[in-house]
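Subject: Model handover

Hello,

Here is the model for you to work with. Please open it alongside this note.

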Amino acid sequence: MSARSRHRLELGILLTPATLFLIAFFVVPLGIMVVMSFLMPGLYGGAEWEFYPHNFGRILGFADPMFEEFDPVYLAIFWRSVRIAALTVLCTFLVCYPAAFQVARLPDRWKNFCLFLIALPFFTSLIVRLFVWVLLLRQTGLINEVLLDLHLIDRPLDMIYTDGAIIVGMVYIYVPFMFLPIYASVEKLDWALVRASQDLGAGPIRTFLRVIFPLTLPGVIGGAIIVFIPALGNFVVPEVLGGAKVLMLGNLIEQQFLSARNWPFGSALAMLVMAAMLVALLIYVLTEGRRGSDPALSL
Amino acid sequence: MRIARTIGRGTLALYTALFFGFIYLPLALIVVYSFNANPINMMTWSGFTTDWYLQVLGFKTKISENALYLESTDQLLAALRNSLIIAASTTVIATVLGTALAIAIYRYYFFGKSFYRVLLFAPMLMPDIVLGIALLIFFVGVGAHLGLMTIIIGQCTFLISYVFIVVSARLAGMDRTLENASADLGANQWVTFRKVVLPQLMPGVLGGALLAFIISMDDLVITYFISGVDVTTLPIFIFSMLRRGIKPEINAIAVMMLAFSFVVASLGLYFRSRQK
Amino acid sequence: MSDQIVTLENATRSFPVFEGKRIYALRGIDLEVRRNEFLTLLGPSGCGKTTLLQAVSGFIDLEQGRILIEGKDITDVPPHRRPVNTVFQNYALFPHMSVGENTGYALEIAGTPVAERRKRVAEALEMVGLKDMENRRPRQLSGGQQQRVALARAIIARPKLLLLDEPLSALDKNLREAMRIELKTLQSELGISFVFVTHDQEEALTMSDRVAVLNAGQIQQIGTPRAVYDAPATTFVATFVGASNLFEGRREGERVVTPDGIAIRSRSPAANDAAVTALIRPEQFSLTAANDEPSLEIEVDQVVFVGSAFELLGRTAGGRKLTALIPASARGQVGAIEASRRATLYYDPASVHLIAPTEAAQ
């Protein structure tokens, strides 16, 4: 066999199984989901093969006009999810940036150890990390216990089952996602630029605002995106820490599939999450193009 | 002026210490309180006990005689067994397929390479819930029974990506001149691959596999949608227990999962970054 | 008004190397930089010249000693408050700002109004030969252009002192030589003192009003280029600046006698029987005698043609290596030497410099 066709054979052997697998179990299911979002829900679950734009309409409040009136409840849920996801991104950023900045300037041994410490919780189960906060934030949780013992409060605080609890939980989970891109960005910083800025008369704060932060911005944006997307579609955190009170997009989708059995509508909602993801990616690609640097995503 | 600088630096260092405290203190706390003998107020310390662990593991204890919380240890063990079977299977499949893909992309030039990169990064970027429901629709649509098999397949979609990314990074960091030296000394491509590339790759692959294993064991969202009613995995088990109410046994199970994850992940991370 | 811009007193700084050992980058250095002078710090890698520069700009603290600018003690003043600006070795241009924004940065920080800032940026850029380039980005510029921006950026705020850290080392030869002239011109136009760091002795000699030769954290000699070249204070300076033939021995009358029996005549003053080192630069040798000059006989190992001159590499009878530089005009005689492999080198005793013993021990 010639070298060329041997190469082709090897390439084929290496490439084919995984490719087929991914096409069959990734591309196709997503495609079906897209199609389903345009179908009419069947009476007993499943879908009728008929074009039905009202799934998307319902998101905007306009469900099938024959049966339902204008009800923007879903939009409200969507905006609440966006709001909470955005706040999560903001809080995660504020929490992570100073620490990532500091770690990037440590000597190598410490750096690697800290990176290890950051990566480790990522490999534990979501549910365990959330359980922790249930125990801390409950009425009979540790925080209330301690505050009561210290006589700082008379009655237990209402912490769990609020928007705040959800944000705390999500921040806790998404810290590794935000930390690593920021860290990578700070690490690549040319410190001669910092010295140059100071040399020219800028104090530490001005130097940070004018030189350091703009140059680490790509990392921040990268981190923001890889936190925002999963935060938007998250249903576990709102369920565990939000209780039945706070309904987010993720819970809504879960309901459509496992209780309400309106799969087309659920698919349409999932498309919404995907759309948000694509918009976020677009923003990232555009800003990366302008600045020409690339935060490392290496989990 | 120098004092101000030192204070500034000290504050940052202090903040970083607090930051790591924020991450690890809650975990430390649940470990500590899993030994709390108080069956009612889990966070009010009333003595040390290992009873919760013993009970979870199936032993009769003083506490369990007063309550019938845990339906049966059998359920827990079934969940654990499922998790392990799934994890083992997905790890093997994903490691083989992901590594093969990484090698193919690394060695050969072919049409549509960038398409492949997109295809392989997509499962990692996709929100879990979207992937979960897409798979659910798919499996139900083709009439597959939701069980171990569907979970394994579903998890592989993103684990293949994960292994691919890890192995690719490893390959990219490898010294290509070593391969050239090997060829120069008379070894053909296959021998070079076996004797030069593979040994260097192995720690990375091993590390990636261990991490894939633990990701599989810890997965909640995707598994949740495609597991059906028959099959429960450990994270789903805990999730359902949480929905019904908080009990000290959950704490014990959670801590055990945590310890297991930490050990395996540490090994995985160690191997992944080891230079051979 | 005082003639000194910057004074360093007993500047000392060390760094830990390993196992508790420390290396002294600066050892008790005393230095004065005068108004409107072009001073070069010359020395090999690791001699402390960059550390000295960073101490003056404020990025390195002194363990001992002080730094004064126009009489004011600025030892504890942080870099952003010192009236000193630096041209960094890799230029350190802000990649996310335009050329104009880079140049005007110091003014922006100082709060200069936009209109005036724009005017001064245009002036500065024109001064360095980059007229109308305000809107370009650093990555669009060549190395030489980037360096000019770095220069413009550093002078725009009219600092008392400009520090240049090996600014020409990344440029190719022709550009480097052109830049040397430009820098010198710029310095006299601006009237700002320049402290220029380099390891290239040719640069030091051609550009400077004064040269400070550093080694191992100390200033070995500071003086005009001619003084440093013609009358080096130590053997280190003699060998680092220009090529040299050194003869260490004792003074006997009018001669310096080396242990291997070579006698060098020198008219320079020195105490009888003192240990001294005589210096004869390769170009001080000649193949023709001019009224009764002394000479040295050598066996010629190699004749190297360097274009404008011939380098004769050879050895004395006692095995001591010598180098002579003979102008190309003497090519006839060189031809004969190449055949016979022997040469007689004449020198003028009046120009044989003697290096005193204590420093000669370096």
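Below is what came out of the analysis, by topic.

This is a predicted model, so local features need pLDDT of at least 70, side-chain atom pairs count only at pLDDT 80 or more, and totals for chains, interfaces and linings use all residues. Residues are numbered from 1 along each chain as its sequence is written, while chains are lettered from A and ligands numbered from 1 in the order in which they are written.

Chains A and B

The interface joins 60 residues of chain A to 64 residues of chain B. Contact means C-beta atoms, placed from the backbone, within 7 Å. On the chain A side, helix α1 (residues 3–36) gives the largest share, 16 residues. Helices (H or I, at least four residues) and strands (E, at least two) are DSSP runs, numbered from the N terminus. That side of chain A holds 49 nonpolar residues, ten polar and one charged. Nonpolar covers Ala, Val, Leu, Ile, Met, Phe, Trp, Tyr, Cys and Pro; charged covers Asp, Glu, Lys and Arg; the others, Gly among them, are polar.

The UniProt record (unreviewed entry) annotates "transmembrane region" on chain A, including residues 12–39 and 77–101. Such annotations may be inferred rather than shown by experiment; positions use the numbering here, and feature names are shortened. Residues 12–39 of chain A are 89% helix and 4% strand, with end C-alpha atoms 38 Å apart. Residues 77–101 of chain A are 100% helix and 0% strand, and the ends are 36 Å apart by C-alpha.

Domains of chain B

Chain B has domain 1 (2–66) and domain 2 (73–272). The bounds come from an automatic or database domain assignment. Their C-alpha centres lie 30 Å apart. Twelve residues from domain 1 of chain B and eleven from domain 2 make the contact. On the domain 1 side, α1 (2–33) and α2 (51–56) of chain B each supply at least two residues. That side has nine nonpolar residues, three polar and no charged.

Chain C

Helix α1 (residues 49–57) of chain C has eight of its nine residues buried. Buried means 20 or more other C-beta atoms, placed from the backbone, within 10 Å of the residue's own; exposed means 12 or fewer, and partly exposed is in between. Lys49(C) is among the buried ones. Just after this helix, Gly58(C) has a positive phi of about 105°.

Chain C also has an open, antiparallel sheet of five strands, ordered β13-β12-β11-β14-β19. Strands pair if DSSP finds at least two bridges between them. β13 (263–265) and β19 (353–355) of chain C are the edges.

Regards

Key
Contact = placed C-beta atoms within 7 Å.
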